[in-house]
Structure formats: structure tokens, C-alpha cells
Amino acid sequence: MGRVILFSVIVLLFVHLLGGDEGNKKQANSGHQSVEDKDTKQFDSNDKTLSSIQDTEDIDNKDFRQEVDSHKKSNNDPSEIVSEENLGTVNVERESVEEQKTPIQNVALNPNTVDNRKEHVTTESDPAEDLYLEGSAHIWKWDKSVKKRGYALLSEAAAKGNKKAQADLAYGYLFGNILERNFTKAFEVFSDLASQGDPGGQQGLGYMYSVGLGVNSSLSKAVLYYTFAALGGHPYAQMAMGYRATNGIGVAENCETALSYYYRAAKKVADELVVLTGGQLVSKIRLIEEDTEATNVYGVSEEDMVHYRDVFVDTGNAGAQLILGMFYLYGYGGMDRNLEYAIEYLEQAAEGGVGAANALLGRIYAEGSKEVPKNFKKAISYFQAAIQQKSPEGYTGMGIMLLHGTGVEQDYRKAMNHFQIAAEHGSAEGQYYMGLMYYKGYGVNKDFKKALHYFQLASQGGYILAVYYLAEMHAEGKGVKRSCTLAVEFFKSVAERGKWTQLLSEAQKLYAAEDATSALVIYLLLSEMGIEVAQSNAAYILEQEKLDIVSENETLKRALVLWSKAAAQGYSMARVKLGDYYYYGFGTDVNHEAAVSQYRIASDKLNNAQAMFNLGYMFEHGLGINKEYHLAKRYYDMATEASTEALVPANLALFKLNIVHYFSTFKELLLHSFENDTLVDNLDLLLIVGLTLLLILVIMWRRRRQ
């Protein structure tokens, strides 16, 4: 029964998908269409818009190999090779994207014209590529036996010369959760790939040199390899270089450079969004805030599913049937996707009158898949049934069909009417499509102000493509004042919803299973990409665990760096941790002044109760700052107001502070009396003062008990 209760808690986490986050799973209905028809962009210092961002996906790998060989022969610092000036002079070719003749194409709910064109091109099958695709799909599954099978397939593909399979195997040697951990072998594979100009190999070497796994860490080499991998189109490296350019880590701090990197990484995410897989549901679990037992509930076993079916689903609970169908449809909770089960439970929920279930069934048949062929007639029937049940998802689904002319006559006006109804009912996806209609001018005059309004609403509901267009609008100054900083922030948010962030859940599960080393290696990889949760979790593991892959004298120093990076991204507990490290001298020298500075940021800007308590203590004892009773009391009081968890320790500290303060005052009075021989003359006054202080303490104690 305990498992059922835990599983029920998980269910509540996904109920919101009927509104905001569900849109993330459906966004390819317009995402591929709207993203693909953007002109290829270039960027230079004179014209700071996305329309000028260069696509540097194709670089001269021969030149790269010569440059690396030259570096090996001489001891020149590679950072000189990758200066900001050199970045601007790399010869590149612009990305070739077929210009759309019409704003909407008849490609069902997934208007990714590139992928759909590929479906119709008849080419000879590549055995190595087929093995890679199958193996790659397997290693992203949750079941360990399936992962093992995936790596076996990747080994076959790698033996046939598939470079992507070789890179995945190298990461398998790094992670060590399935394959035996072997940093030397991973380095050899990455080096061989990099010598051939492969971005995957360059990215792997950049990572190993940056964090010092199996090799001595080298910032200059890390930047060198990351740069070439990013220019070669590797999204991990693009995010890593975007993060470095944003914060000036190993390269000059430059918002516009960061924008160009993050734009390309975010575009990949937006282009790959489809209805059934959608944006990744990122598991942002912070190890410092969760114990192992609590985090275990985020992984759902088949046994849990059986219990849930027995207690809720099989009893005819339509809401539970919908949730279970969504679990199988999207692969939530560590479950692998299973369309057969998804359709079964969604049909049961639809029969029970759940409009959202009809809408999801409509999407399944409109999108089509290997398991379920496209069936527009069925899709429209399900959407209409959902509309009769006043489901916002039904209105959105039917609106998309009308927008694309899929199975029905294309009609922008009717499509917009459907989107508006959905938007008025709080559908983030409907709000996104309203923004898209105004942004692209589908059936209406372009209106960037209205588009901005709807994109903002949809982004608040978690619709990731809306965030992408907000980034584009801020980057180009459409409907809003141009802001590179906001554009980078939005593009970074989109990039962090790529498939690779599934590794966050993988690392969390490994840590819960007491495989801290594998979890750390994965968190460090994601930390390099600028993902704050990974940075704080990696720092936490280094702080809490003794691991062979990191020398003992380096552990706290590395943790300090990671806490610093997480704090710079606004995580309040990371800022408190920085204060603690300076206070106790962990990984650095004791510096009470620096500790006070960190605590003040966490307290005054981030409203962290722990930081307030710590500041109260430091004011009380005069550590790194002048001793001040009133400020100490103020911060203790603020801590009690900021968090209920601070009530007991803060009240105890206040009680002690008041006793010490009044005792000190009484002591000074006595000393003054002795010095002036007035003790006997003022005995009655001293007695009154003493009784008054005692009464005050009693009143305070009783009031706090109430």
C-alpha cells in the first residue's frame, strides 16, 4: 500500500500537463513548421541580430588536425589559437534550409519538413547506421538490461566504423554504470575521433580536459576542443561555450558570442520537438534538499504500475486511466513508452467522459508512428469528441489540423478561433498558437506586440517553443526592445530542455542506487553545459562522498568552484554554501569577511533563512563584522519570518542573545557602581533593575511558547 501512496504522489506532479506542461509534449504541431521556415542567420558586431548569426557547422577538419598537431609539436598555449578574433574569422558555410513556398505544409501535426522529406527519400540502408540508431535508442531507456543490449549494438556499429556509436561507447566508458569504467580507453576513442575532425570526439576531449578525468586538467585545451566541437555542431559543446562566453570562463565574456552559441543549441531542441516526445520533462532534483529515500519515488517500477492499476485504474477511475495512459504515452516516471498500453488506457478514459483523453488519442492518430499509422479521419473524430466535452486540448488539436490543412480544408480563421477558445481556457499550447498566428501573420496582419503577449502567457505555462520565440524576439528586437541578456537567458532555457537533460534523471537514480561515482561523472558533464542543478548536485556529491576519481586534497576545491557556478546562476543554497566554505576554510582560507558577503547576498537578495540565521550569529559574535546586538536580533527575527524551519533554532538563538545582552548590561552597571562606590547607595535601584530584567525574560519565554 506504501508503494501505491508514493505512486499517487507522483501522479499529482503530472496533472498540470492537462494545461501548461502538456503543451510541451505537443509543441511540434507548430514547432517544426515555425522554426524551420526561419531564415538562416548570421551575426557580426555591426548588425547584432539573429538574422546575421553564422552557421559554422561545416569546418575544415584537415585544418583542425594540422592545428592540433602543431600544438602538440610546440608548447604554445592553445588559448591563443581560439581567441575571440579568430572565432570571427573562421571560414564557414551558411546553413542551407529549403525556403518554404507556403507558410503551412500538409505534414499532419508534425510540420518538420526536413524529417518528412527524409521519410520520402528512398536510400540504401546503412547497416552501421541502423545498428547505431537502434543501440542509441536502447541506451536512453531506463531498464538496465535494455541499456546493456544498446551498448552491445553500439559496439557492433562502432566496429563497422560508425563514429557516433564510437563516441557513445566512449561516454559509456566514462559513465561506468553499464560498461566498465575506463578513462584511458575513453580518451583514446575520443582522441582518435578528434584527429578525424569528428565533433563528438572533440566534445569528449574538451570535457575530459576541463574536469580532469583521466588526464591533467587543462583549461586551454578544453576551450580549444570545445570550440571546434561547437563549430562542428555538437550541442553539448555549443552549450558549454555559450555558458563560458556568458560568464567569461576561459574566454572573453561576450554576450553576443554566447547568443550565437545558445541560439544554435536551442534551435536543435526546437527543431526536434514532436507531439509524442515533446520537450523533456526535466527532473530538477537537488540532492542537497532531498534524501535518498525521497528521491527513490521518482523512479517507477512495473510493480508500482500494477499496484496503481489494481487500486485506481481497474476500478473504473477515468482520471486515473488518463494519467496512466499519459505515463505510457510519454514515458514518465522512468517507464518506457508503450503506445499499445497508452491507447488502451486513454480509450478507457475517453469512454469515461475525459475530454483530454480524446484529444490525446487524436494526436496519436494525427501524428502517426511505427506502431500506429496516421489516420486523419480518426484523429478528427477524437478531436471533435474532445471539443464536445469542452476540452481545451481538443480545440487546440483541431485548430492545428485546420492550420495545416491536414485531413480538412486549410482555414486560418477557423484555426485561430479554435486556438483562441483554448487560450481563453488557460491552454498554454493554445496561447502559443495565438502568438504564432500573429508572429507569422497566418490569416491576420503581423502584430509583434500581440505575439509577444501570447508567447509570454504560454511560456509561463511551460510551453518551450513559446520561450524559443521570446528569445528570438528579444534577440532581434521584434515587438520589444532588443536585449542580448534576455535572449541568452531564454535560449539557454530552451537548450536545457533537450534530450540530453534526461541524464539528470539518470544521475539521480544512480546516486539513489549508491553509485555516486557514475552520478558524479554525469553531473560534471551537464555542469560543463551550464546546467545549474547539475553543478550543485556535483558539488554536493564531492562534499559528501569519498571517491577514487578525485584526489582528497582536490575534492573541496572542486566543490567550491561548482558551488560558485551554481550561486552565480541564482541558487540561494549554493550562495550559503559559499559562505560556509569561507567561514570554515573548506577548499580555501578562512575568510569571515567573504563569508559575511556571501550570506548577505543570499539573505538580502535571495531571502534565504539559513543565511539570515548565519548573519545573526556573525553579528552576535563580531565575526568578520562589528559586533552589533540589534542587527543580530534583526536577522534572527527575519529568519523566523522567512521559514518555519528556522523558528526553533532562531528563537533559541534570540533567547540566548537576550540573556547575554541583559547580563552584559547588568554587569557593566555593577562595575560602574563599584568604581564609584555607589553600590550601597543604589542597592534599591539595582534590585528593581534585576527584577525588571527577570520579568522581561519570563514574559518573552511565555510569549514564545504561545
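Predicted model: local features only at pLDDT ≥ 70, side-chain atom pairs only at ≥ 80, totals over all residues.
1. A residue is called buried when its relative accessible area is under 20%, exposed when it is over 50%, and partly exposed in between, with a 1.4 Å probe and protein chains only.

2. Residues are numbered from 1 along each chain as its sequence is written, and side-chain values use heavy atoms, with hydrogens and water left out.

3. A pair of aromatic rings is described by the distance of the centres and the angle of the planes. Here the rings of Phe, Tyr and Trp (its six-membered ring) pair if their centres lie within 6.5 Å, and planes under 30 degrees apart count as stacked, over 60 as edge-to-face and the rest as tilted. By this rule the count comes to 29 aromatic pairs. One of them is formed by Y468 and Y469, whose ring centres are 5.6 Å apart with planes at 85°, so the pair is edge-to-face.

4. The rings of Y511 and Y540 give another example, with centres 6.5 Å apart and planes at 70°, so this pair is edge-to-face as well. Helices (H or I, at least four residues) and strands (E, at least two) are DSSP runs, numbered from the N terminus. Y511 lies in helix α26 (residues 502–512) and Y540 in helix α28 (residues 532–544), so the pair ties together parts that are 29 residues apart in sequence. Y511 is buried, with a relative accessible area of 12%, and Y540 also counts as buried, at 16%.

5. Ring pairs also build a cluster, and its members include Y263, F419, Y432, F455 and F491, together with Y468 and Y469.

6. A charge sits over a ring if NZ of Lys or CZ of Arg is within 6 Å of the ring centre and within 35 degrees of the ring normal. The charged end of R286 is placed in this way over the ring of Y571, 4.0 Å from its centre, and the charged end of R634 sits over the ring of Y635, 5.5 Å from its centre.

7. A disulfide is a pair of cysteine sulfur atoms within 2.5 Å, and a search of the whole structure finds one. This disulfide joins C255 to C484, with an S to S distance of 2.0 Å, and the link is left-handed, with -115° about the S-S bond. C255 lies in helix α13 (residues 255–272) and C484 in helix α25 (residues 484–495), so the pair ties together parts that are 229 residues apart in sequence. C255 is partly exposed, with a relative accessible area of 29%, whereas C484 counts as buried at 10%.

8. K577 lies in helix α30 (residues 572–584) and, at 16% relative accessibility, counts as buried. If contact means heavy atoms within 4.5 Å, K577 touches I288, E543 and W563, not counting residues up to four places away in sequence.

9. K390, in the loop between α19 (376–388) and α20 (392–404), has a phi near 60°, a positive value in a residue other than glycine, and K390 counts as exposed at 59% relative accessibility. N607, in the loop between α31 (592–605) and α32 (609–621), has a positive phi of about 55° although it is not a glycine.
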